[in-house]
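Have a look at the sequence and the structure before reading on.

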Amino acid sequence: MTTITLPPLPYDYDALEPHISKETLEFHHDKHHNTYVVNLVKAIEGTDLEGKELDDIIKATAGDASKAGIFNNAAQVWNHTFYWNCMTKNGGGKATGPVAEKIDAAFGSYEKFAEEFATAATTQFGSGWAWLVADEVNGNLSIMKTSNADTPLAHGKVAILTIDVWEHAYYIDYRNARPKYISTFLESLVNWEYVNAKLAGQPAGVEK
């Protein structure tokens, strides 16, 4: 019995407008995200991975070429669930709460962090993600980018914030203007309450 299902969005489909349209969320969540869920369920059916938690599936298949299909779909299910929670209505702007101090310590200022995060997201060639991550040992923050389905979970890092830079995340609303989508994400969408929850070690989930 599998534990993998498509989680609902943590807000209504039109909640992020005008920055992210209802049409984008319907396609991105209901089509793309759901396809990863369906493919993963099929891929693990009848294997020793069936019934395991998503995190465990990702860790068990990371770096194993023979299980690349399982890893890619599992990581994309995880990445997308995390991404939805990183956005909120009337979000964005300068970091708030405990993460603001950690950002200042790591980057010197919020403005410097935003610049480096935007650069990582803009320069991710092709499809992928940009992340704010915490080191599992010392908790220090840094920025990383991953290609395609890759995820910090496979690299011993704790995800704090992400932006999806696959074209299907923004093409309906921004066409090929990825930098505008990234700046809008930072200025108007980031859910700093959720980011602080991740910094505090609370489990990922859907809070509607």
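In which helix is the place of histidine 28? Histidine 28 sits in helix H1, where helices (H or I, at least four residues) and strands (E, at least two) are DSSP runs numbered from the N terminus.

## About the model

This is a predicted model, in which local features need pLDDT of at least 70 and side-chain atom pairs count only at pLDDT 80 or more, while totals for chains, interfaces and linings use all residues. Residues are numbered from 1 along each chain as its sequence is written, and side-chain values use heavy atoms, with hydrogens and water left out.

The contact (heavy atoms within 4.5 Å) takes 21 residues from domain 1 and 25 residues from domain 2.

## What makes up the domain 1 side

Between the domains there are 11 residue pairs in polar contact, both residues being at pLDDT 80 or more. A polar contact is a pair of N or O atoms within 3.5 Å; within protein, one must be able to donate a hydrogen and the other to accept it, and residues adjacent in sequence count only if both atoms are side-chain atoms. Helix H1 (22-44), helix H2 (54-61) and helix H3 (68-85) each supply at least two residues of the domain 1 side that touches domain 2. H3 gives the most to that side, with 9 residues.

## A closer look at histidine 28

Histidine 28 is buried because its relative accessible area is 1%, and buried means under 20%, exposed over 50% and partly exposed in between (1.4 Å probe, protein chains only). A polar contact of 3.0 Å joins its side chain to that of histidine 80. Not counting residues up to four places away in sequence, histidine 28 touches His33, His80, Tyr83, Trp84, Asp164, His168 and Ala169.

## A closer look at asparagine 148

Asparagine 148 lies in the loop between strand E2 (141-147) and strand E3 (157-164). At 43% relative accessibility, asparagine 148 counts as partly exposed.
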